[in-house]
Amino acid sequence: MIVNMSSIATVEEIDHVIERIQECGFQAHVIQGTERTVIGAVGSSDRRAELQALRAAPGVEEVIQIAHPFKLVSRQLRQRSTVVSVGGVEIGAGDLVVMAGPCSVESREQLLQTARAVKAAGADMLRGGAYKPRTSPYDFQGLGVAALRILKEASDETALPIVTEVMSEADVEIVAEYADMLQIGARNMQNFSLLRKLARFKRPILLKRGPSATIKEWLLAAEYLLAGGNANVVLCERGIKTFETATRNTLDLSAVALVKELSHLPVIADPSHGTGLRSLVSPMSKAAVAAGADGLMVEVHPCPERALSDGPQSLDLPGFAEMMKDLGSRRLREMMAA
Ligand code: PEP
Ligand code: MN
């Protein structure tokens, strides 16, 4: 339920409504707008009718049912788009944020070379997997803590904030020690105990969409983070499983546009995992920007043919610079046309 307070409601009237919501067994989430206060009542209790009765309380303008099962992530509750700040980079504030780097951190040289090149090409954040979720147990599993240290060194040198995946609850503390943003991988989107633990960490989260997750399931996974106290959440569309086999996944850009309507959270797109094909990364990046994405996550490797994971979808260093130039000149054209 959403309780819209009148624009002239007093502090006492607002406090009274919060008290009544809590008394009825719900959590009260207060959103202070420029003109009025909105209070979201979320949770489950059989005293819902009493919330509806708050219509009669002083200072209340209306009480509305939230149409979707996700509440705190819903744009119905918070109309203004959320901006998530990661080490000084603002995601959702209007400028396209590009996160780039290798699928896996393989060595100090590989990462530093990539970090310097993506920085020079205009990337805003550095990505790189330290703990890798691989389909086969015989594939490269990541360098773990050694990779985290290398990421930190590259971040200190380039001033690019780091985003890296945390795969298990046991690794949250160590990854949070090094990373500016914690990535929840597609395979872990519905790992509810991991979501609950990350909600208690006040570190920004990048929540990837599960390969078989509906938009509702994805937004409900984000709801776990917000309900647990972490509002710094960015969503990432990374492709879903369909009947198509020509691409690794199907990058669902309609989801980007729809989630921007349904939720106030920033949304980025990952055309690397979304297509699995290097040649599609640049065109689908442009398409994602046109669909309203707040940012991009792109895999880049100094020598994709030698990559220990995801080489076929990785851009090489000149390829990434080319893509950034292309995006930049597009942005310039848009500005000139506006
Ligand atoms: C990754 O970003 O390297 C990754 C493993 O992505 P996803 O979880 O989307 O497969
Ligand atoms: Mn990858």
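Predicted model: local features only at pLDDT ≥ 70, side-chain atom pairs only at ≥ 80, totals over all residues.
1. Main core. The largest nonpolar core holds 75 residues. Those with the most contacts inside it are Leu198, Leu207, Leu225, Leu235, Leu296, Phe320 and Met323. Helix α7, residues 215-227, gives the most to this core, with 7 residues. In soluble globular proteins, nonpolar side chains tend to be buried together.

2. Leucine 207. Look at its surroundings. Leaving aside residues up to four places away in sequence, Leu207 touches Ile184, Met189, Leu195, Trp218, Ala221, Ala222, Leu225, Val233, Val234, Leu235 and Cys236.

3. Second core. A separate core has 17 residues. Among them are Met1, Val3, Ile18 and Leu51.

4. Manganese site. Four residues coordinate the manganese ion (ligand 2): Cys103 through SG, His273 through NE2, Glu299 through OE and Asp310 through OD. The distances run from 2.0 to 2.4 Å. Along the chain, the donors follow the spacing C-x169-H-x25-E-x10-D.

5. His273 and Asp310 link distant parts of the chain, 37 residues apart. His273 sits in helix α9 (residues 271-275). Asp310 lies in the loop between β14 (295-299) and α11 (317-337). Both residues are buried.

6. Helix α3. This helix covers residues 108-121, which is 14 residues. The expected span is 1.5 Å times one less than the number of residues, so α3 should span 20 Å. Its end C-alpha atoms are 20 Å apart, which agrees. Its buried residues are Gln110, Leu111, Leu112, Thr114, Ala115 and Val118. Just after α3, Gly122 takes a positive phi of about 110°.

Terms used. Residues numbered from 1 in each chain as written. Chains lettered and ligands numbered in written order. Heavy atoms only, no water. Core = buried A, V, L, I, M, F, W, Y, C linked by side-chain atoms within 4.5 Å. Buried < 20%, exposed > 50% of the residue type's maximum accessible area, 1.4 Å probe, protein only. Helix = DSSP H or I, 4+ residues; strand = E, 2+ residues; numbered from the N terminus. Contact = heavy atoms within 4.5 Å. Donors = N, O, S within 2.8 Å, 3.2 Å for Na, K, Ca; no water.
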